[in-house]
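Here are some exercises to work through with the sequence and the 3D view side by side. Try each task yourself before you read its solution.

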Number of protein chains: 2
Amino acid sequence: MKQRLYKLVVILAIFSIFNLGAVRAENGYNLWLRYLPIENVQLRQAYQRQLSSIAIYKHSPTIDAALKELINGINQMIGKVPNISSIPGGAAINFKTNRLVLAKLDQPAIAAQFSTVERRQIGQEGYLIKTIRQNRVQQILIAANTDIGLLYGSFHLLKLMQTHQSLQALNIQQWPRLKLRILDHWDNLNGTVERGYAGYSLWNWQTLPGIIQKRYIDYARANASIGINGAVLNNVNASVKSLTREYLIKTAALAKAFKPYGIKVYLTAKFSAPKELGHLKTADPLDPAVIKWWQDKVKEIYHYIPNFGGFLVKASSEGQPGPGDYGRTHADGANMMAAALKPYGGIVMWRTFVYENKKGADRAKQGYEEFKPLDGKFADNVLLQAKYGPIDFQPREAFNPLFGAMPHTHMMMEFQITQEYFGFATHLVYLGSLFQEYLRKDTYQKGPGTTIAKVLEERVNPETADSNRLTGIAGVANIGTDVNWCGHPFGQANWYAFGRFAWNPMSSADSIAEDWLKMTFTNDPGFVNPIKKLMLGSREVAVNYMTPLGLSHIMNFATHYGPGPWSKFPGWDARDYHHADSVGIGLDRTATGSDAVSQYAPALAAKYSNLKTTPLNLILWFHHIGWDQKIATGETMWNSLVHYYYKGVKQVAAMQQIWQSMKGKIDEDRFNYVTQLLKQQHLEAKWWRNGCVLYFQQYSKRPLPKDCKEPGKAYWNYPTFKPDLPFPYHLDDQ
Amino acid sequence: MKQRLYKLVVILAIFSIFNLGAVRAENGYNLWLRYLPIENVQLRQAYQRQLSSIAIYKHSPTIDAALKELINGINQMIGKVPNISSIPGGAAINFKTNRLVLAKLDQPAIAAQFSTVERRQIGQEGYLIKTIRQNRVQQILIAANTDIGLLYGSFHLLKLMQTHQSLQALNIQQWPRLKLRILDHWDNLNGTVERGYAGYSLWNWQTLPGIIQKRYIDYARANASIGINGAVLNNVNASVKSLTREYLIKTAALAKAFKPYGIKVYLTAKFSAPKELGHLKTADPLDPAVIKWWQDKVKEIYHYIPNFGGFLVKASSEGQPGPGDYGRTHADGANMMAAALKPYGGIVMWRTFVYENKKGADRAKQGYEEFKPLDGKFADNVLLQAKYGPIDFQPREAFNPLFGAMPHTHMMMEFQITQEYFGFATHLVYLGSLFQEYLRKDTYQKGPGTTIAKVLEERVNPETADSNRLTGIAGVANIGTDVNWCGHPFGQANWYAFGRFAWNPMSSADSIAEDWLKMTFTNDPGFVNPIKKLMLGSREVAVNYMTPLGLSHIMNFATHYGPGPWSKFPGWDARDYHHADSVGIGLDRTATGSDAVSQYAPALAAKYSNLKTTPLNLILWFHHIGWDQKIATGETMWNSLVHYYYKGVKQVAAMQQIWQSMKGKIDEDRFNYVTQLLKQQHLEAKWWRNGCVLYFQQYSKRPLPKDCKEPGKAYWNYPTFKPDLPFPYHLDDQ
């Protein structure tokens with residue numbers, strides 16, 4: 001009997017391992033477009049009634065894409081294929097048969113349902129969704145001024161269904177607050193991806209232009225579903241090969257495939273291309289032969305790619321060629337290219353990341369110093385693309401002082417979706433919180449309330465408001481050939497969140513996470529609520545175990561993975577970033593130090609100059625603080641620092657616990673995968689904690705607070721802290 | 001009215017594009033393990049009765065893997081989860097409740113159902129499947145001597161269901177004819193794959209050992225389903241890094257994950273490792289320090305990987321270090337490593353591909369010349385791994401004369417599953433036909449009937465037969481990170497076919513193709529029959545448009561892609577391989593030429609020495625033939641050659657037509673993908689045809705036969721024929 005009982009237990013255990021039938025298998029390929037069957041009968045029946053048919057006026061590739069998405073999504077969610085019908089141009093809607101109508105506002109019958117303000121407000125990419133009624137017959141309208149607006153609106157409707165919302169009384173007005181919403185792919189032509197941790201480049205240059213993989217289309221669908229409307233296909237550290245005829249023909253095939261989804265293709269342009277490809281003696285932007293070369297090249301590009309978007313340029317930075325090589329300014333370089341693109345409607349995105357690695361100089365000041373004097377000198381089809389912080393995509397930096405400081409220049413934001421400094425695709429870090437933090441930062445440049453969001457939207461000087469103003473945002477993509485696109489299952493949330501913030505910089509990280517979780521995993525609040533909380537806290541957790549209190553750039557320099565406050569390379573020294581010494585730690589960026597504070601609006605400069613008014617999470621960014629000095633935590637600097645590191649590790653352990661309690665609520669594959677990843681993240685959090693605490697202790701010469709257990713060995717005795725080991729190949733439970 | 005009709009047509013057209021619901025979407029990730037629902041009600045009900053429960057005696061990781069596969073497969077195919085129960089050790093089967101029983105033959109109740117011969121014959125990896133009856137109650141037994149036999153048997157049962165076979169009266173005895181059935185992954189540690197065309201390496205060395213991706217398990221499942229029991233993880237052009245402790249720990253994690261699926265892990269060993277890693281002054285295989293170094297390294301390997309398989313070695317070939325560097329023989333090198341592995345049961349696979357690129361020498365003779373004299377000199381845990389032909393995986397070569405010529409040496413076959421010379425992952429080429437052709441080749445070494453299959457199985461001298469004899473076969477994998485694993489949807493068939501031929505070298509390419517099509521696409525004979533025919537002809541089609549009549553190695557030398565009979569590189573000249581001149585074309589390998597024929601058994605040497613008795617498909621391999629000479633086709637050499645090229649192109653067009661007629665029979669995604677690929681293959685077949693015909697015409701100086709339309713331009717005027725262009729970036733319809 002006992003034996004039988006044992007066997008039953010074994011068998012039950014196996015069953016729970018198999019998790020049969022309960023939740024369907026999911027490898028993550030479908031992202032947030034899973035369209036899971038609606039199991040609530042009432043809701044399903046309501047949707048079945050409301051979406052039994054779809055009517056359109058006219059076909060177009062974009063409208064067909066919308067129809068296809070709607071038919072597929074509706075069928076999967078409610079198990080019924082809607083009837084499709086056409087309404088003759090100019091005719092009224094048939095309330096008897098047309099349940100969902102997808103129509104442009106140039107149809108009088110449609111326009112009549114909306115106000116003039118509504119119709120104008122949504123512009124060229126927005127949409128309106130409205131439930132209307134006639135004789136008790138209900139109907140849903142998706143209306144827009146353009147085809148792409150209809151596609152975006154269709155994805156919105158599908159999202160409402162995926163998140164189990166009622167369609168009874170819809171009245172939605174949506175339009176993007178930024179014009180360019182772009183993914184930057186740092187993809188090399190050989191298929192590798194700089195700072196890519198989710199496989200390799202999506203673009204198969206060998207089989208292009210002949211083969212259009214389904215994956216390209218699914219990429220475009222996913223982007224369109226969140227309103228992304230541009231993709232820079234290749235690395236900012238550019239190869240001129242991408243501008244050759246051969247590659248333009250390949251790129252043209254991708255551009256054509258993306259077009260129905262409203263996505264324009266952009267390329268990075270290496271500044272020295274006229275020399276490398278054109279065999280000119282110079283790439284001087286003021287040289288007539290160079291100007292001519294770019295004009296001809298642009299003409300050729302538009303011959304192959306009529307809807308080409310323009311160039312992204314990294315110039316005179318990190319060894320890249322640029323106008324500086326010829327004594328010219330960034331404006332000279334950007335404007336020359338912009339002039340070539342102008343006749344075709346193309347634009348230039350010129351990066352302000354101009355890292356030169358000057359010894360002794362405060363790197364945080366360099367972008368502002370080079371670009372601020374050029375305000376107003378850039379052509380009107382140039383945008384300056386600035387990272388959120390003045391250094392380089394750190395877990396936390398002060399915001400980039402260029403925002404708000406160049407009122408006569410189009411400024412766009414550069415976020416990094418790929419987790420270069422956030423544990424690659426191994427750590428769960430929801431970047432929605434980061435995007436929100438920076439977009440809502442107040443620059444004070446036009447008084448309080450001059451948020452970066454407003455600066456990006458060019459709403460700072462409302463008198464110059466113009467619906468055609470050139471605004472934008474870019475995110476360095478975290479997408480690769482991994483089956484689930486992003487490596488970490490939660491990496492998808494960062495792609496998704498970027499798109500949502502690009503659409504509206506004042507979005508909420510909270511509600512975006514909620515939508516994403518519901519669409520990607522389940523609507524079960526028993527999963528959504530705790531995991532949303534986990535996501536929303538996750539970025540701060542990573543800051544705690546990596547770079548608390550305003551530390552930055554103390555990672556392993558060779559890989560940007562794992563701790564490295566001791567990293568030292570020719571021309572680069574982590575100590576320039578943390579300034580730990582026998583006295584204290586942190587960079588003095590006040591007037592007594594590098595005076596980087598002076599690059600901010602006076603109100604902010606004053607705030608940052610005073611340790612007491614400096615936000616706690618940036619104190620080491622702006623101040624050198626004595627080890628024994630009491631800070632706002634109520635503890636000494638040293639004890640606070642150590643406590644943050646220990647707290648980060650504990651928080652990851654808590655994340656693991658929460659995740660474990662989700663077992664059975666979602667599919668087994670992703671549950672197990674995230675379980676492994678969190679375990680690894682926990683090991684690596686300890687790696688960061690021990691490495692940093694033990695390293696800084698050499699300077700502080702103070703014991704750890706009593707509640708912090710001493711790591712077992714000195715940091716340099718851990719094999720994984722050796723600088724020549726790129727990856728934590730084997731982290732013991734340190 | 002007319003307008004309405006038009007609209008209806010448009011709408012219907014859209015519907016057929018969407019192909020709604022008819023066939024479920026499929027991205028190819030599930031390979032041949034799709035377990036599609038059985039739609040035939042009678043069959044489904046029969047399966048439901050026959051498989052309502054599964055009983056086992058004991059759990060083990062391998063048996064749990066089998067159970068999991070059965071439960072999942074059965075549930076997906078018939079919509080019912082079988083009950084699982086345990087039978088106490090020693091107890092009889094319960095005919096009332098146990099429908100399917102999975103049990104080892106050490107259970108007396110199981111053993112009693114089979115003959116002694118059956119039980120012995122299946123050895124350590126085989127299995128028996130039998131339908132038995134008691135009092136009209138039917139039961140299915142899967143029995144084996146080992147757990148892995150039970151897993152293999154479970155996959156066999158699932159295959160029967162996937163191909164809609166009756167389970168009424170099963171009586172199956174299956175066992176592998178070769179002991180080592182291995183995939184060679186030419187994967188570099190940086191993630192690239194040499195000769196890989198389906199993405200990048202599956203092994204994510206960054207996240208190993210912590211993260212075991214689901215993909216690793218699915219890889220193991222797929223391999224186990226076809227009996228593959230070994231994987232060489234890294235490139236034959238090896239990096240010593242794979243032998244470092246860090247990488248051994250990572251490899252150990254993979255080995256552990258693969259173990260339940262019967263897959264052993266092997267590594268390539270760079271011969272110079274004692275110098276590079278051990279900092280010795282030499283890698284001389286007879287040097288005591290070198291011997292010690294390998295002994296220590298092997299000990300370390302087995303510490304981390306207790307079930308490690310052994311080494312694959314490419315030495316003294318194409319610039320790789322080897323025993324030749326120290327005046328030692330291949331046997332000296334292989335035996336030294338073998339001695340280190342011997343105590344742990346490890347083996348050495350030593351490649352006979354020893355290309356040295358000597359000007360003037362007939363490359364086809366080199367392997368035989370180096371290895372034949374060493375017959376009998378290799379340790380008993382060494383296998384020589386020889387490619388099917390003496391040159392290098394060409395579309396067609398004469399078979400490698402080493403097979404059958406080294407009776408006192410373990411010989412294993414090396415096939416190439418990845419299509420290095422077969423149009424990468426762009427051309428549809430079913431290699432089952434090629435595997436079958438070579439495995440059935442008669443070497444005549446022990447009289448007629450000494451097939452390569454027999455040589456590999458060591459059945460040539462039956463008196464030495466021994467169930468422990470070391471036999472094997474290897475295939476260079478075509479697997480990468482592409483969602484569908486193999487790039488071309490039909491590339492999966494080559495992985496599948498390799499496994500099936502490895503299990504039994506006398507398998508039939510025809511029935512393997514049929515099984516694969518049914519499991520991968522559909523059981524619909526309207527699809528299976530024509531597409532099987534298309535597959536079976538496809539390799540010959542590629543030979544026709546690439547290298548007909550025994551031509552070889554005339555591809556673009558830089559990429560091995562596209563035509564290049566004009567290719568010339570330092571130390572390599574395509575003309576050495578085709579010998580086209582004003583007189584004729586082809587290599588004289590008879591006694592008047594290189595005398596390579598003398599490396600074959602006398603009967604074959606005589607046959608190949610005479611043009612009249614040389615198989616038509618090898619005449620240019622063995623003979624230099626005058627342009628105007630009549631050959632077995634009934635036409636002149638020149639006209640025959642041209643006609644083959646034109647025929648190849650026409651055949652691809654016919655393949656396209658057949659494929660088009662399959663529309664609607666399978667899922668839209670793969671249908672469209674193959675449609676694009678065949679279109680590209682057709683363009684590239686013309687590229688080959690035009691390039692080769694126009695190039696050889698410079699020598700023949702004869703017009704094309706009248707029924708062959710002259711290509712538009714001379715070959716060198718096609719941009720795609722320029723040697724510096726690696727890929728056919730834009731093939732016009734030439």
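**Exercise 1: A strand and its partners**

L128(B) stands opposite Q173(B) in β6(B). Before we start, note that this is a predicted model, in which local features need pLDDT of at least 70, side-chain atom pairs count only at pLDDT 80 or more, and totals for chains, interfaces and linings use all residues. Residues are numbered from 1 along each chain as its sequence is written, chains are lettered from A and ligands numbered from 1 in the order in which they are written, and side-chain values use heavy atoms, leaving out hydrogens and water.

*Task.* Find how strand β4 (residues 127-134) of chain B is enclosed, and which strands pair with β4(B).

*Solution.*
- Step 1: Recall that strands are DSSP runs of E with at least two residues, and helices are runs of H or I with at least four, numbered from the N terminus. Two strands pair if DSSP finds at least two bridges between them.
- Step 2: β4(B) runs antiparallel to strand β6 (residues 171-174) of chain B, with four bridges.
- Step 3: With strand β5 (residues 137-144) of chain B, β4(B) pairs over seven bridges, again in the antiparallel sense. Here R133(B) stands opposite Q138(B).
- Step 4: β4(B) and β5(B) make a hairpin with two residues between them, and N135(B) in the turn has a positive phi of about 50°.
- Step 5: Six of the eight residues of β4(B) are buried, so the strand is largely enclosed by the rest of the structure. Buried means under 20% relative accessible area, exposed over 50%, and partly exposed in between (1.4 Å probe, protein chains only).

**Exercise 2: A barrel**

*Task.* In what order do the eight strands of the chain A barrel close?

*Solution.*
- Step 1: Follow β7-β8-β9-β10-β11-β12-β13-β14 (chain A), where the pairing is parallel.
- Step 2: On average, neighbouring strands of this sheet are turned by 25° against each other, direction ignored. Axes are lines fitted to C-alpha atoms, for helices over the stretch in contact, and angles run from 0 to 180 degrees between N-to-C directions.
- Step 3: Zoom in on strands β11 (residues 347-351) and β12 (residues 382-387) of chain A, which are parallel and joined by four bridges. M349(A) has L383(A) as its bridge partner in β12(A).
- Step 4: Helix α11 (residues 330-341) of chain A packs on the sheet and touches β10 (310-313), β11 and β12 of chain A. Contact means heavy atoms within 4.5 Å.

**Exercise 3: Aromatic pairs**

*Task.* Which kind of pair do Y388(A) and Y438(A) form, stacked or tilted?

*Solution.*
- Step 1: Rings of Phe, Tyr and Trp (its six-membered ring) pair if their centres lie within 6.5 Å; planes under 30 degrees apart count as stacked, over 60 as edge-to-face and the rest as tilted. This rule gives 94 aromatic pairs over all chains.
- Step 2: The ring centres of Y388(A) and Y438(A) are 4.6 Å apart and the planes stand at 45°, so the pair is tilted.
- Step 3: Y388(A) lies in the loop between β12 and β13 (410-416) of chain A, and Y438(A) in helix α13 (residues 432-439) of chain A, 50 residues apart.
- Step 4: Y388(A) is buried at 2% relative accessibility, and Y438(A) is buried at 0%.
- Step 5: Compare F399(A) and Y600(A): their centres are 5.0 Å apart and their planes at 80°, so this pair is edge-to-face. Both F399(A) and Y600(A) are buried.
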